[in-house]
Amino acid sequence: MMILERLLAAVSVLLLIGCMIAPLKKTAFAQRNPWVKKIVGCHTLYGVVLLAAAFVHGILAGNKPGMVTGKLAWMVLLILILLTLFRKKMKTRSWNRIHSGLAAVVCLLVVIHIVYAIVV
């Protein structure tokens, strides 16, 4: 069980990184290299799989020190994903600000979660 929990934690971090590199899609490097566009283009899929992997990781981790910070990060990620349902009703600029802001909060909470889980 512990191996699966750690594997899911590593997969979750990789998926989070995959989500965070989405802005690279618009760079000249990505335009010249189709494989970069293909990797970065799965942003939505990475987010949904991240939500599921983090959920299972949290269940398997049980009652450990990082539980509260992990739940907070997961809930903000859930809100971020649920807000995509209203994306078409928002202006693009507003959506980008909300999405980027919540993504930054998720990243900050994940860093706090990892540091807290390692230190305590």
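Here's a quick briefing on the fold, surface and core of this chain. It's a predicted model, so to speak of local features a pLDDT of at least 70 is needed, side-chain atom pairs count only at pLDDT 80 or more, and totals for chains, interfaces and linings use all residues. Residues are numbered from 1 along each chain as its sequence is written, and side-chain values use heavy atoms, with hydrogens and water left out.

**Fold**
- You're looking at six helices and zero strands, with helices (H or I, at least four residues) and strands (E, at least two) taken as DSSP runs numbered from the N terminus.
- Along the principal axes, the C-alpha atoms fill a box of roughly 45 × 30 × 20 Å.
- Take the contacts (heavy atoms within 4.5 Å) between residues at least 6 apart in sequence: 65% of them join residues at least 24 apart.

**Surface and burial**
- The chain's accessible surface (Shrake-Rupley, 1.4 Å probe) is about 8,400 Å², and carbon and sulfur atoms hold 75% of that.
- Of the 120 residues, 28% are buried, meaning under 20% relative accessible area with a 1.4 Å probe, protein chains only.

**Core**
- The largest nonpolar core has 17 residues; such a core is a set of buried Ala, Val, Leu, Ile, Met, Phe, Trp, Tyr and Cys residues joined through side-chain atoms within 4.5 Å.
- Leu-15, Leu-16, Leu-50, Leu-77, Val-106 and Val-110 touch the most other members.
- Helices H1 (2-20), H4 (43-61), H5 (67-83) and H6 (92-119) each give two or more residues to this core, and H6 gives the most, with five.
- Leaving aside residues up to four places away in sequence, Leu-16 touches Leu-50, Val-106, Cys-107 and Val-110.

Key
Buried < 20%, exposed > 50% of the residue type's maximum accessible area, 1.4 Å probe, protein only.
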